[in-house]
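Please look over the model shown here, beginning with the overall fold and then turning to a single residue.

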Amino acid sequence: MPADAVPPDALRFSGITKIFGGVKAVDDVSFTVGAGEVHCLAGENGCGKSTLIKIITGVYQPEPGAGMEIFGQTYAQISPTQARKAGIAVIWQDLALFAEMTVAENIAFETMLGNRPRAVSYARLHRVAAAALARLDVELDLDARLGSLPIAQRQIVAIARALVSDARLIFMDEPTASLTQSETDALLAVVRTLSARGVAVVFVSHRLAEVLEISSRVTVLRDGRLVGVFPTAGLTQSRLTELMTGTVITHDVMARDTGHNPEVLRIEGLTRAGEFGDISFTLRAGEVLGLTGLIGAGRTELCHTLFGMTRPDRGRIILNGQDLQLRSNRDAVAAGIAYVSEDRLALGLIQPQSIADNTVLSVLRQITGAGGLLSSRKKDATVSHWISELAVKIGTPADAVSTLSGGNQQRVVLAKWLATRPKVLLLDCPTVGVDVGARAGIFRIVRALAEKGLAILLVSDEVPEVFLNADRVLHMAGGRIAHEWDPRQTGLPEMEAAVYA
């Protein structure tokens with residue numbers, strides 16, 4: 001290529017449509033990424049981002065009529081192998097690395113693969129891995145076991161492995177979800193290094209501030225269709241949210257003074273070795289108490305103990321003045337504690353079963369009739385009440401719960417636990433997998449429940465969620481309570497600086 005020639009775009013896809021069961025997951029979408037560009041792909045969950053990435057990487061084939069061009073090469077159809085050879089790599093959120101292997105082995109093991117067995121040259125593995133890290137201006141211990149490294153350094157290993165396979169376009173799926181601010185800054189510096197050396201990066205992240213900081217353009221999808229491509233210069237988080245959802249979402253601090261409300265739950269010195277230590281706080285009737293911190297801070301582990309799933313080594317759980325000795329989650333439910341897990345697919349719902357069956361799962365004893373048999377009348381009344389109360393959008397109660405959107409599935413999980421008439425509701429990251437618009441609806445429900453007197457512990461790794469929706473906020477770090485804030489007296493930047501420090 002002549003020195004003054006303009007390099008071809010990394011990617012030019014046009015007229016991309018993908019239909020599943022008569023539903024257009026992606027509908028006539030065009031997507032272009034320049035060589036060396038840092039580009040953002042944005043949209044609510046279910047908008048078509050993952051489907052589009054899988055089409056670009058050859059996992060799915062688009063409907064006929066699509067135009068596909070990668071680094072100037074036109075394709076009528078593309079397979080995963082072709083996409084990889086063309087220079088496309090995807091770093092998914094789970095990274096797909098090998099914890100028991102060394103850094104060098106994780107980065108360079110594919111260079112040793114072939115049709116015939118051969119001896120492993122560790123000297124070559126080290127040379128290849130060191131060269132890949134040098135391209136990122138990063139140094140790591142090549143002999144360290146990957147499992148001993150923090151998540152931020154594992155991200156670097158995943159990027160280096162992509163470079164070994166000659167990647168020229170790297171998709172990053174939620175790369176900073178579990179990173180501190182300093183780790184995020186370091187990762188963004190690596191992304192800038194990649195861009196400066198001609199490697200294009202497509203960033204997919206729910207942290208809109210860093211999206212606007214790192215990328216030059218953002219492609220927005222909504223309901224499978226292209227909303228538009230926008231320069232990030234001058235674009236605000238509020239405007240980007242509006243483009244993603246199609247609605248204007250107001251962000252007002254909802255904190256109230258609940259200090260005079262009756263105390264419902266008191267935790268004193270609760271400790272579980274290796275998970276959390278010396279946790280103490282109170283939760284009052286009608287209060288939304290926020291609990292935030294990075295992934296791994298011990299928040300979910302604390303919820304498991306409060307719900308009787310694990311036992312503390314020491315400390316007290318006091319509910320309405322009575323000490324609780326929780327031997328199981330059945331004890332917690334009987335005492336009046338309900339838990340909405342962050343993993344609703346594995347712990348919250350039984351996907352093949354109906355919406356109705358999932359809704360009454362926690363109150364089967366309450367809906368039995370004569371002879372201990374389930375009462376259809378009681379079941380129907382319970383389901384009808386909570387579906388109406390929480391405004392769950394369904395076809396019929398007999399439909400499988402898996403047919404619902406993420407937001408409506410989460411409402412069914414809430415319905416299941418609210419049917420137990422709890423005194424305390426533990427909400428562990430209730431908006432995981434829920435799009436921006438549906439999140440607002442869930443928090444309206446949370447606020448309405450609190451106004452009716454329910455004591456709520458709201459756990460989230462997204463600081464703005466607890467800042468806007470909690471009456472008080474606790475910051476958990478390293479298994480301990482590090483800070484307590486009143487959102488009416490503390491700004492969001494101060495909270496985020498402490499949490500991501």
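Predicted model: local features only at pLDDT ≥ 70, side-chain atom pairs only at ≥ 80, totals over all residues.

Residues are numbered from 1 along each chain as its sequence is written, and side-chain values use heavy atoms, with hydrogens and water left out.

The chain holds 17 helices and 20 strands, where helices (H or I, at least four residues) and strands (E, at least two) are DSSP runs numbered from the N terminus. Its radius of gyration, 25 Å, is close to the 23 Å that the globule rule gives for 501 residues, so the chain is as compact as a globular protein of that length; the radius is taken over C-alpha atoms, and the rule is 2.2 Å times the number of residues to the power 0.38. Along its principal axes, the C-alpha trace spans about 80 × 50 × 50 Å.

The domain assignment, which is automatic or from a database, gives domain 1 (11-245) and domain 2 (263-336 + 423-435 + 458-501), and the C-alpha centres of domain 1 and domain 2 lie 34 Å apart.

Thr102 sits in the loop between strand 6 (88-91) and helix 3 (103-108). With a relative accessible area of 10%, Thr102 is buried (under 20%; exposed is over 50%, partly exposed in between, with a 1.4 Å probe and protein chains only). Leaving aside residues up to four places away in sequence, Thr102 touches Leu142, Asp143, Ala144, Arg145 and Leu146, a contact being heavy atoms within 4.5 Å.
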